[in-house]
Amino acid sequence: GLYSKEVDTVALIMDTSGSIDQNMLNQFGGELSSVVEAVGGRVVVIYADAKVQRVDEFSRDDLPLKLTIPGRGGTDFRPGFEWLEKEAIEPSCIIYLTDLECSDFPKIEPDCPVLWAVMGALAKKETKVPFGEVLPIV
């Protein structure tokens with residue numbers, strides 16, 4: 001038989017800064033829908049540019065997703081991680097959808113796996129992050 005281990009909570013931080021174009025935002029929405037479909041528990045979505053703009057929670061019951069994307073300011077990777085800590089949310093993993101056009105990373109690595117899903121020009125280059133794994137989406 002098939003066995004699927006469901007996770008409690010996945011945190012997905014979506015980069016909504018000005019460097020993210022509409023095509024990337026559309027692709028982010030598709031990636032988010034795939035994550036929600038695959039995860040058995042809840043998906044906490046943090047829309048962040050230089051600050052947290054909004055937070056939503058989704059589950060499979062919310063599919064298909066209809067997204068409105070707030071933000072479009074500068075980029076700082078720290079606010080999404082800080083929000084999770086402040087709200088005492090301990091996700092099974094964190095997925096960060098981004099173009100990686102920023103160098104303001106959190107100083108402390110979270111206690112869970114982090115996946116940097118990178119789109120745009122840096123997805124085609126070997127990129128380094130202070131923690132977690134990089135997954136180019138081209």
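**Salt bridges and their exposure**

Asp76 is buried, with a relative accessible area of 12%. This value comes from a predicted model. The cut-off for a buried residue is under 20% relative accessible area. Asp76 forms a salt bridge with Arg78. The closest N and O atoms of this pair are 2.7 Å apart. Arg78 has a relative accessibility of 31%, so Arg78 counts as partly exposed.

The Asp76–Arg78 pair is one of four salt bridges in the structure. Another is formed by Glu57 and Arg42, with 2.8 Å between the closest N and O atoms. This pair links distant parts of the chain. Glu57 lies in strand 3, which covers residues 52–58. Arg42 belongs to strand 2, residues 42–48. The two partners are 15 residues apart. Glu57 is partly exposed, at 46% relative accessible area. Arg42 is also partly exposed, with a relative accessibility of 29%.

A further salt bridge involves Lys86 and Glu87. Here the closest N and O atoms are 3.6 Å apart. The limit for a salt bridge is 4 Å, so the Lys86–Glu87 pair qualifies at 3.6 Å. Lys86 reaches 63% relative accessibility and counts as exposed. Glu87 has a value of 38% and is classed as partly exposed.

Terms used: Residues are numbered from 1 along each chain as its sequence is written. This is a predicted model: local features need pLDDT of at least 70, side-chain atom pairs count only at pLDDT 80 or more; totals for chains, interfaces and linings use all residues. Side-chain values use heavy atoms; hydrogens and water are left out. A salt bridge is a side-chain nitrogen of Lys or Arg within 4 Å of a carboxyl oxygen of Asp or Glu. Helices (H or I, at least four residues) and strands (E, at least two) are DSSP runs, numbered from the N terminus. Buried means under 20% relative accessible area, exposed over 50%, partly exposed in between (1.4 Å probe, protein chains only).
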